[in-house]
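I opened my notebook to look up one residue and its surroundings.

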Amino acid sequence: MPGTVQSIERAAAILRLLAGGPGHLALGDIARSLDLAKGTTHGILRTLQHVGFVAQDRASGHYKLGPALPHLGSGYLDVNELRSRSINWADPLAARTGESVRIGALRDGQALVVHHVFRPDDTFQILGVGATLPLHATAIGKVLLAYRATGPEPAEALDRFTRRTIRTPRALAAELQQVRDNGWSLEAEEMTPGTASVAAPIRGYGGLVVGAIGINGLVERICDSRYRPHRHLVAYVRDAARAISRELGAARR
């Protein structure tokens, strides 16, 4: 059996110490309490501060629990933060592709649309912010389902929206593996006849997938005659996803 990772054990001990203490602790107090060198303690605190698990008071220099910890119980990233960090990249993606752009996050077994940019033309469109999308029948949903950290795959037949909707758990599992292999997903007339979408994962600290960004439009504009997405559109979507991921602290990939 592999051994434990000492740095993670020490980080967990610091978090427990801060949670059970008076609210603010100095570097020296933390080091003495855990019998660690100040340099080691400072390095761990800096890392925990970088990911939002620890915050430092500017006046006193003391440490306390950070703002990111409360989100662990209900979702890693607040949807408002995801939206605010994505806006600067969603508009250019719509302009480059000529298609509408949606950004989604996993909520209660569905994909919640947290931001929507209209297709840059004069056609009538409906704002989709706040709408929920089925995971198995949309490109954004497939990304969120493919990279989710926990939970079994659906064991029963899936809801059918068109003749092309994935219906069986086995077919869905194969599709999700392809999403993970490719790093992006496609949906072609699986949710709505005549439309298609391409999406890619948005990652946060440590590479955790916290959302997805995708384009949506007429199938003949997104795909070729064999339902394969145009490569330049996939590249545009993936570039936008990487840019947002960097904004959220993910390492360059």
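I count two residues as in contact when their heavy atoms are within 4.5 Å. I also note that this model is predicted.

**Entry 1: Ile-202.** I found Ile-202 in strand S7, which covers residues 195–203. Is Ile-202 buried or exposed? It is buried, because its relative accessible area is 0% and the cut-off for buried is under 20%. I then listed its contacts, leaving out residues up to four places away in sequence. Among them are Leu-82, Ser-86, Ile-103, Val-210, Ile-213, Ile-244 and Leu-248. I also checked Glu-189, 13 residues from Ile-202 along the chain. The C-alpha atoms of the two are separated by 24 Å.

**Entry 2: the cores.** The largest nonpolar core has 29 residues. Which of them touch the most other members? I noted Val-101, Val-198, Ile-202, Ile-213 and Ile-215. Elements that give two or more residues to this core include helix H4 (79–97), strand S3 (100–107), S7 and strand S8 (209–218). Helix H8 gives the largest share, six residues. A second, separate core has 19 residues, including Ala-111, Val-143, Ala-146 and Ala-212.

**Entry 3: two helices.** I looked up helix H1 (residues 6–20) and helix H2 (residues 27–34). They pack at an angle of about 115°, and their axes are 11 Å apart. The crossing of H1 past H2 is right-handed. Which residues meet there? From H1 come Ala-13, Ile-14, Leu-17 and Leu-18; from H2 come Ile-30, Ser-33 and Leu-34. I sorted the residues of this contact into six nonpolar, one polar and no charged.

Definitions and conventions:
Residues are numbered from 1 along each chain as its sequence is written. This is a predicted model: local features need pLDDT of at least 70, side-chain atom pairs count only at pLDDT 80 or more; totals for chains, interfaces and linings use all residues. Side-chain values use heavy atoms; hydrogens and water are left out. Helices (H or I, at least four residues) and strands (E, at least two) are DSSP runs, numbered from the N terminus. Buried means under 20% relative accessible area, exposed over 50%, partly exposed in between (1.4 Å probe, protein chains only). A nonpolar core is a set of buried Ala, Val, Leu, Ile, Met, Phe, Trp, Tyr and Cys residues joined through side-chain atoms within 4.5 Å. Axes are lines fitted to C-alpha atoms, for helices over the stretch in contact, and angles run from 0 to 180 degrees between N-to-C directions. A crossing is left-handed if the near helix is turned anticlockwise from the far one by less than a right angle, and right-handed if clockwise. Ala, Val, Leu, Ile, Met, Phe, Trp, Tyr, Cys and Pro count as nonpolar, Asp, Glu, Lys and Arg as charged, and the others, Gly among them, as polar.
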